[in-house]
Every structure is written in C-alpha cells, then in structure tokens.
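Subject: Structure for your review

Dear colleague,

Please find below the structure that I am handing over to you.

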Amino acid sequence: MTERPYQICTVCVMDTSDPEISFDESGRCNHCRDFELLLGTIWFPNDEGEFRLASLIERVKTEGRGKAYDCVLGLSGGIDSSYLALKAFEWGLRPLVVHVDGGWNSELAVQNIERIVKHCGYELHTLVVNWEDMKELQLSYLRSAVSNQDVPQDHAFFAGLYNFATENKVRYVLNGGNAATEAIFPRSWHGPAMDAKNLKAIHKAYGTRPLTDFPLISFSEFYFWYPVVKRMTILRPLDLMPYSKEQAVTELEQIGWRSYPRKHGESLFTKFFQNYYLPTKFGYDKRRPHLSSLVASGSLTREAALERLAEPLYAEEELRRDRQYICRKLRVSEAEFADLVARPIHHYTDFDNWERRRAAVKSVLDIVARIRGKRINLALRT
Ligand SMILES: [Zn+2]
C-alpha cells in the first residue's frame with residue numbers, strides 16, 4: 001500500500017489516519033458531508049425531536065402499563081448511560097436498570113452508578129461476567145492484535161443486557177448512543193462487537209481453554225430472535241434532543257456524580273486500550289472522530305478540537321500504574337504484556353466472521369422494505 005500524504009479536513013479534525021477518508025476541492029471530508037445527512041433522518045436536536053421524544057416516552061409508558069418495568073437501561077457509569085438514566089427518571093419511565101460487570105470498573109464508576117441509582121430510586125441488577133472467561137477472551141484478543149480490543153467487554157454487555165431484558169419481558173431498550181458526540185467514526189477502524197462468529201474464531205485461534213458461560217448472542221438471535229420474535233426495539237432518546245456532554249455533566253454533578261479525568265474512565269481496560277493501545281499500535285486516536293462529531297454538531301469549534309488533540313493521551317505515571325494493574329488482573333508479567341502489545345497486527349476479517357451472511361440478510365430486508373415502502377430496522381442497532 002502506498003503511503004498517502006498527510007491531510008486534515010478543513011472543517012472537522014479527521015485526517016488521513018482514516019485510510020478511507022476523502023476530501024472535496026475545498027478540503028472538506030466525507031465524514032462532514034455524511035454528518036449533514038443525519039439531520040432529519042436519525043438526529044433531531046430541534047422541535048421535531050421534542051415532539052418525537054414526547055411520543056416515544058408516551059409509547060413506552062403506555063405499553064408498559066401493568067408491567068414491572070417499561071424499558072431496560074444498561075448503566076455503565078459513563079456519561080451517556082448515566083445521563084440517560086437520570087433523564088428516564090425525570091421522564092417518569094420505569095427502567096429495569098442493569099449493570100454488566102466485566103471486571104474493569106473503576107472505583108469512580110462504581111460510586112457514580114450508586115449515586116444515580118440512589119437519586120432515581122432504581123433497583124440495580126448487576127450481572128457479573130465470569131472473570132475466567134473474560135480474561136481468557138481478552139488474552140485471546142490481545143494475541144490476535146485486532147484493532148477492537150473492547151469486543152469481549154462490549155459483547156458481554158449487550159448479550160447480558162438483551163438476554164436479561166427478554167427474561168424480564170421488556171422489549172424497549174434505552175441506549176445512550178447519540179449522533180451529536182459519536183456519529184463520525186471511520187468504518188475502517190471498526191471491529192464488530194456483536195459478531196459472535198468472529199469472537200469465537202479469534203478465541204479458537206488464540207485461546208487456551210474453552211469458555212464456560214460467557215454471554216454470547218448468535219447470528220439468528222441478533223437478526224431474528226430479539227428483533228422479530230421478541231420485538232425488541234432499541235431507542236436512542238439522546239438523538240431527539242440537543243445533547244451536549246457539558247450540559248450532561250453539569251446536570252449529573254448536581255446529583256453527586258463525578259467526572260472521569262479521562263474519556264472512558266469508567267472502565268480501566270477501555271481507558272488503556274483507547275488512550276494507549278490504539279493510538280500507539282494503530283495510529284487511531286479515538287478523540288479525533290469524537291471531537292469531529294462535536295465540531296460537526298456545532299458544539300465545539302475546530303480550534304478548540306485541535307487544542308484538545310494536542311493534549312497528551314496519558315500522563316507517564318498514570319500509564320505505568322494502569323499497565324501494572326492490567327497485568328496483575330490478567331495475570332501476566334509486564335514483559336509478557338509488552339510482547340502481547342507488540343504482536344503483529346491482524347484485521348478482524350483475517351478470522352471467520354458473519355459479514356457475508358449479514359450482507360445477504362440486509363439485501364433481502366432492503367427488497368422487502370422497498371416492496372412495503374417502509375424501512376425495516378435491521379437487527380438490534382447498538
Ligand atoms: Zn471533516
């Protein structure tokens with residue numbers, strides 16, 4: 001592959017660290033152009049959003065009447081899910097609140113979860129992932145050196161959440177995903193978290209023992225069982241309001257929630273992975289698409305985004321401490337861990353996956369949607 005010359009978008013801060021980025025004559029990138037298409041399709045930070053949100057809340061309440069819960073909410077302790085938990089309470093919803101404990105919670109995350117739950121009067125259900133399974137999978141992923149090292153945590157989170165929702169007969173899932181802060185994301189950086197086939201293939205290639213009861217979602221569960229049979233629907237209320245992290249933090253701090261010094265400070269592994277592993281090994285700085293989303297959604301200037309990018313990803317001492325902690329927890333020596341981090345890179349498609357099957361299902365659904373004149377939501381958007 002030939003190295004392309006460095007270029008950065010003149011509007012946002014995405015650059016050629018996204019190998020698939022393209023620029024128009026004015027130097028504006030494809031992400032900026034794609035972002036514009038979201039307004040009025042999935043993103044409604046306006047009066048229409050207010051109207052849509054009100055009717056969404058009404059629908060969830062009405063269908064939940066007489067039931068123990070009207071929706072389910074996965075609470076990680078991070079800003080988005082914490083804010084959504086607070087809003088759900090203010091809207092008068094009755095969520096089944098679930099925390100999936102993958103073993104990497106920071107102390108602050110635990111405190112923040114407690115504060116939210118206490119303020120809102122929620123009953124918290126914690127699903128603890130079998131740590132031996134989690135460790136086994138995370139070591140397999142590190143050996144595979146694919147870019148998305150968060151797959152074991154993310155997969156367990158959604159599999160645990162959806163399964164628990166179904167057991168409790170809840171079909172609406174409140175999701176803290178939102179266009180305003182995360183719509184821009186390079187496709188080439190992506191590694192699918194829900195592809196259980198890929199997860200199993202990576203584990204088969206690099207694992208040392210079978211998994212016991214790690215929560216998995218199969219292809220048919222993801223594309224058929226949950227969305228069609230169980231009619232599970234993922235709702236993203238933060239897309240129906242002018243969502244800003246600053247505003248969210250301000251409101252959360254009023255109830256005693258405290259900010260994380262770094263992005264993804266709720267999970268020690270994710271923090272290390274995003275602030276060290278990805279940028280040093282792959283050249284992917286996840287702050288870049290995040291800040292670009294903020295610029296595109298109008299909540300940050302490009303200059304401020306560039307200033308934020310110039311800040312160091314890690315302080316030396318903090319990095320040393322986190323690395324030590326991860327080694328202890330994964331039960332590897334620091335030298336072994338350094339070897340793991342230095343392993344030759346793989347792309348997730350180097351391992352068996354369900355992409356082709358997914359594409360086939362999608363094209364069938366597209367045809368059905370054209371015939372019915374109505375778009376069909378493919379599976380469970382996460
Ligand atoms: Zn751009």
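This is a predicted model: local features need pLDDT of at least 70, side-chain atom pairs count only at pLDDT 80 or more; totals for chains, interfaces and linings use all residues.

The zinc site

The zinc ion is held by the SG atoms of four residues, Cys9, Cys12, Cys29 and Cys32, at 2.3 to 2.4 Å. Seen from the zinc ion, the angles between the four donor atoms run from 104 to 120 degrees, and the arrangement is therefore tetrahedral. Along the sequence, the donor residues follow the spacing C-x2-C-x16-C-x2-C. Cys9 belongs to the segment before α1 (30-38), whereas Cys32 lies in helix α1 itself, so this pair ties together parts that are 23 residues apart in sequence. Both Cys9 and Cys32 are buried.

Helix α3

Helix α3 covers residues 79-90. Among the buried residues are Asp80, Ser81, Tyr83, Leu86 and Lys87. The elements that cover the buried residues of α3 include the strands β1 (71-74), β2 (95-101) and β4 (172-174), together with the helices α4 (107-120), α7 (179-182) and α10 (245-253). Just after α3, Gly92 adopts a positive phi of about 80 degrees.

Asn112 in helix α4

Asn112 is located in helix α4. Its relative accessibility is 0%, and Asn112 therefore counts as buried. The side chain of Asn112 makes a polar contact of 3.1 Å with the side chain of Tyr260. If neighbours within four places in sequence are set aside, Asn112 is in contact with Gly77, Gly256, Trp257, Arg258 and Tyr260.

In soluble globular proteins, nonpolar side chains tend to be buried together. In this model, the largest nonpolar core has 62 residues, and those with the most contacts inside it are Val72, Tyr162, Tyr277, Leu330 and Phe337. Elements that give two or more residues to this core include β2, α5, α9 (219-229), α11 (268-282), α14 (316-330) and α15 (334-341). Helix α6 gives the most, with nine residues. Phe337 touches Leu142, Phe272, Arg323, Ile326, Cys327, Leu330 and Val332, when residues up to four places away in sequence are not counted. There is also a second, separate core of 36 residues, which includes Phe44, Val60, Trp257 and Tyr260.

Helix α8

Which residues of helix α8 (residues 196-206) are buried? They are Ala196, Asn198, Leu199, Ala201, Ile202, His203 and Tyr206. Helices α5 (131-144) and α6 (151-167) are among the elements that cover the buried residues of α8. The N-terminal end of α8 is capped by Asp195, which has a side-chain oxygen 3.1 Å from the backbone nitrogen of Lys197.

Ile234 in strand β5

Finally, Ile234 has its place in strand β5 (residues 233-235). Is Ile234 buried or exposed? Its relative accessibility is 18%; since buried means under 20%, Ile234 counts as buried. The C-alpha atom of Ile234 is 9.7 Å from that of Val72, although these two residues are 162 residues apart along the chain.

Yours sincerely,
A colleague

Terms used. Residues are numbered from 1 along each chain as its sequence is written. Side-chain values use heavy atoms; hydrogens and water are left out. Buried means under 20% relative accessible area, exposed over 50%, partly exposed in between (1.4 Å probe, protein chains only). Helices (H or I, at least four residues) and strands (E, at least two) are DSSP runs, numbered from the N terminus. Contact means heavy atoms within 4.5 Å. A polar contact is a pair of N or O atoms within 3.5 Å; within protein, one must be able to donate a hydrogen and the other to accept it, and residues adjacent in sequence count only if both atoms are side-chain atoms. The expected span of a helix is 1.5 Å times one less than its number of residues. A nonpolar core is a set of buried Ala, Val, Leu, Ile, Met, Phe, Trp, Tyr and Cys residues joined through side-chain atoms within 4.5 Å. Donors are N, O and S atoms within 2.8 Å of the metal (3.2 Å for Na, K and Ca); water is not among the atoms, so sites may look incomplete. Four donors count as tetrahedral if all angles lie between 85 and 135 degrees; four count as square planar and six as octahedral if opposite donors are over 155 degrees apart and all others between 65 and 115; anything else is irregular.
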